[in-house]
Amino acid sequence: MHTECEPRTADPSGATDFVEAILPCIDQIERGARRLTPNKYDAEDLVQETLLKAYSGFHTFRQGSNVRAWLFRIMYNTWVSRYRARQRGPNEQLCEDFTDGQLSAEAGHTAAGLRSAEVEALEALRDDEIADALAAIPAANRMVVYYADVEGYQYREIASLMGTPVGTVMSRLNRGRRRLRELLADVAYERGMARHSATC
């Protein structure tokens with residue numbers, strides 16, 4: 001039995017420090033995984049693999065750094081690696097889930113005809129008009145807009161995630177938002193969220 005006066009043994013594996021560091025971020029990591037993968041079970045697997053990689057590399061984490069950004073970077077890299085591996089291999093599904101239409105559609109699939117990881121992520125968004133508008137802007141701007149406006153990252157965090165200078169992040173975010181406003185002006189008007197501006 002431990003009393004307050006007895007010295008506690010240190011956790012040599014760092015598991016306690018790891019749990020304390022990542023616990024506040026778990027909900028956000030799970031939401032991010034569900035945005036990247038539409039399948040609930042794939043999202044759970046992605047979270048689990050992300051946490052395993054984070055735990056095994058926790059000794060490289062610098063104290064005082066943003067643990068959420070670190071975890072999201074690990075998750076994003078894991079997701080891209082999985083996507084690329086899936087693209088190279090055959091599409092796997094349970095036999096009982098196949099329909100005749102799916103079998104015929106799958107027969108014509110080639111590796112070159114598969115969609116990109118970004119397209120899959122955009123399709124996970126709920127609103128078709130927003131997803132279409134996001135898909136229409138350049139990829140670099142799209143990722144900055146996603147990190148800033150969906151995930152709530154700051155400029156420095158986005159710069160770290162993308163490996164670009166802060167100024168580049170700021171300009172890409174500005175261009176991406178401006179293009180989204182242009183593309184979504186009619187949608188906003190139809191939904192009563194904005195007035196049509198008169199163009200001269």
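This is a predicted model: local features need pLDDT of at least 70, side-chain atom pairs count only at pLDDT 80 or more; totals for chains, interfaces and linings use all residues.
A crossing is left-handed if the near helix is turned anticlockwise from the far one by less than a right angle, and right-handed if clockwise. Residues are numbered from 1 along each chain as its sequence is written, and side-chain values use heavy atoms, with hydrogens and water left out.

- Helices here are DSSP runs of H or I with at least four residues, numbered from the N terminus.
- The axes of α2 (residues 26-36) and α3 (residues 40-56) come within 8 Å and cross at roughly 130 degrees (axes are lines fitted to C-alpha atoms over the stretch in contact, with angles from 0 to 180 degrees between N-to-C directions).
- That angle makes α2 oblique to α3 (under 35 degrees counts as roughly parallel, over 145 as roughly antiparallel, 65 to 115 as roughly perpendicular and the rest as oblique), and their crossing is right-handed.
- For α3 and α4, the axes come within 9 Å at a crossing of roughly 120 degrees.
- This makes α3 oblique to α4, and α3 passes α4 in a right-handed crossing.
- The axes of α8 (residues 139-150) and α9 come within 10 Å and cross at roughly 135 degrees.
- α8 and α9 are therefore oblique to each other, and α8 passes α9 in a right-handed crossing.

**The second largest pocket**

- The second largest pocket has a volume of about 270 Å³ (a pocket is an open set of points on a 1 Å grid, where a 1.4 Å probe fits, with protein on both sides within 12 Å along at least five of seven lines; lining residues have an atom within 4 Å of a point).
- Its lining includes F61, W70, R73, R156 and E157.
- α4 (67-88) and α9 (155-162) each supply at least two lining residues, and α9 gives the most, with four.
- Domain 1 (15-87) and domain 2 (124-191) each contribute at least three residues to this lining; the bounds come from an automatic or database domain assignment.

Conventions: Grid points are joined across faces, edges and corners, and a volume is the space filled by probe spheres set on the points.
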